Amino acid sequence: MAVSNNVTRLLQNRGVPFVAHELPPDKLGALETADILSIQPELVFKTIVLTRDHSKRHILALLPGTAQVDLKKVARALEDKKVRLPTEREAERLTDLQAGGISPLALLHRPFSVILDTEALNHPH
């Protein structure tokens, strides 16, 4: 059975070519996902939710599965004083999505700033 959810429907409606991979329902990190898909972990991008102290517009940081988010760099890039990493429970409450399955494509119409690690530019898709 083909994978069908809000994200796949969005991509189909916009004519964006994609390949959907079904994963176990468990909460998986980028490294576990790469292992299941038998690909290099830096090819799996993870979404990290970050919060701002003085703004309701929180942040979705997309970075390679092998990378760690640098909170100071993110704050500087967004000209903010400070950003913080919420708890997993807070991230799930902010996004209404389960950790391990937080997708910026599922949150397009929500008030999040999205930043993408420039490493993504090194990959054709």
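## Exercises on a predicted model

Three elements, β2, α3 (71-77) and β4, each give at least two residues to the lining of the second largest pocket. The model is a predicted one. Work through the tasks below.

**Exercise 1. Describe the second largest pocket: its space, its lining and the residues nearest its centre.**

Solution. 
- Step 1: Take the volume. The second largest pocket holds about 280 Å³ of space.
- Step 2: Count the lining. It is made of 14 residues.
- Step 3: Go to the centre. Asp-70, Lys-73, Val-74, Ile-115 and Asp-117 lie nearest to it.

**Exercise 2. List the elements of the chain from the N terminus on.**

Solution. 
- Step 1: Count them. There are 4 helices and 4 strands.
- Step 2: The chain reads α-α-β-β-α-β-α-β.

**Exercise 3. Work out the order of the strands in the sheet, and say which strands stand at the edges.**

Solution. 
- Step 1: Read across the sheet. The order is β3-β1-β2-β4. The sheet is open, and its pairing is mixed.
- Step 2: Find the edges. β3 (83-84) and β4 (112-116) each have a single partner strand, so one side of each lacks a neighbour in the sheet.
- Step 3: Recall how strands pair. They do so through backbone hydrogen bonds, either parallel or antiparallel.
- Step 4: Look at one pair. β1 (residues 45-52) and β3 run antiparallel and are joined by 2 bridges.
- Step 5: Name a bridge. Arg-52 has Val-83 in β3 as its bridge partner.

**Exercise 4. Which strands does helix α4 lie across, and at what angle does it run to β1?**

Solution. 
- Step 1: Locate the helix. α4 covers residues 88-95.
- Step 2: List the strands. α4 lies across β1, β2 (58-64), β3 and β4.
- Step 3: Give the angle. α4 runs at about 90° to β1.

**Exercise 5. Trace the surroundings of Leu-31.**

Solution. 
- Step 1: Leu-31 sits in helix α2 (residues 30-37).
- Step 2: Leave out residues up to four places away in sequence. Leu-31 then touches Pro-41, Gly-65 and Thr-66.
- Step 3: Check Phe-18. Leu-31 and Phe-18 are 13 residues apart along the chain, and their C-alpha atoms are separated by 21 Å.

**Exercise 6. Compare the radius of gyration of the chain with that of a compact globule.**

Solution. 
- Step 1: For 125 residues, a compact globule would have a radius near 14 Å.
- Step 2: Compare. The chain has 15 Å, which agrees.
- Step 3: Along its principal axes, the C-alpha trace covers about 45 × 30 × 30 Å.

Terms used:
Residues are numbered from 1 along each chain as its sequence is written. This is a predicted model: local features need pLDDT of at least 70, side-chain atom pairs count only at pLDDT 80 or more; totals for chains, interfaces and linings use all residues. Side-chain values use heavy atoms; hydrogens and water are left out. Two strands pair if DSSP finds at least two bridges between them. Contact means heavy atoms within 4.5 Å. Axes are lines fitted to C-alpha atoms, for helices over the stretch in contact, and angles run from 0 to 180 degrees between N-to-C directions. On a 1 Å grid over the protein atoms alone, a cavity is a set of points where a 1.4 Å probe fits but cannot get out, and a pocket is an open set with protein on both sides within 12 Å along at least five of seven lines; lining residues have an atom within 4 Å of a point. Grid points are joined across faces, edges and corners, and a volume is the space filled by probe spheres set on the points. The radius of gyration is taken over C-alpha atoms; the globule rule is 2.2 Å times the number of residues to the power 0.38.
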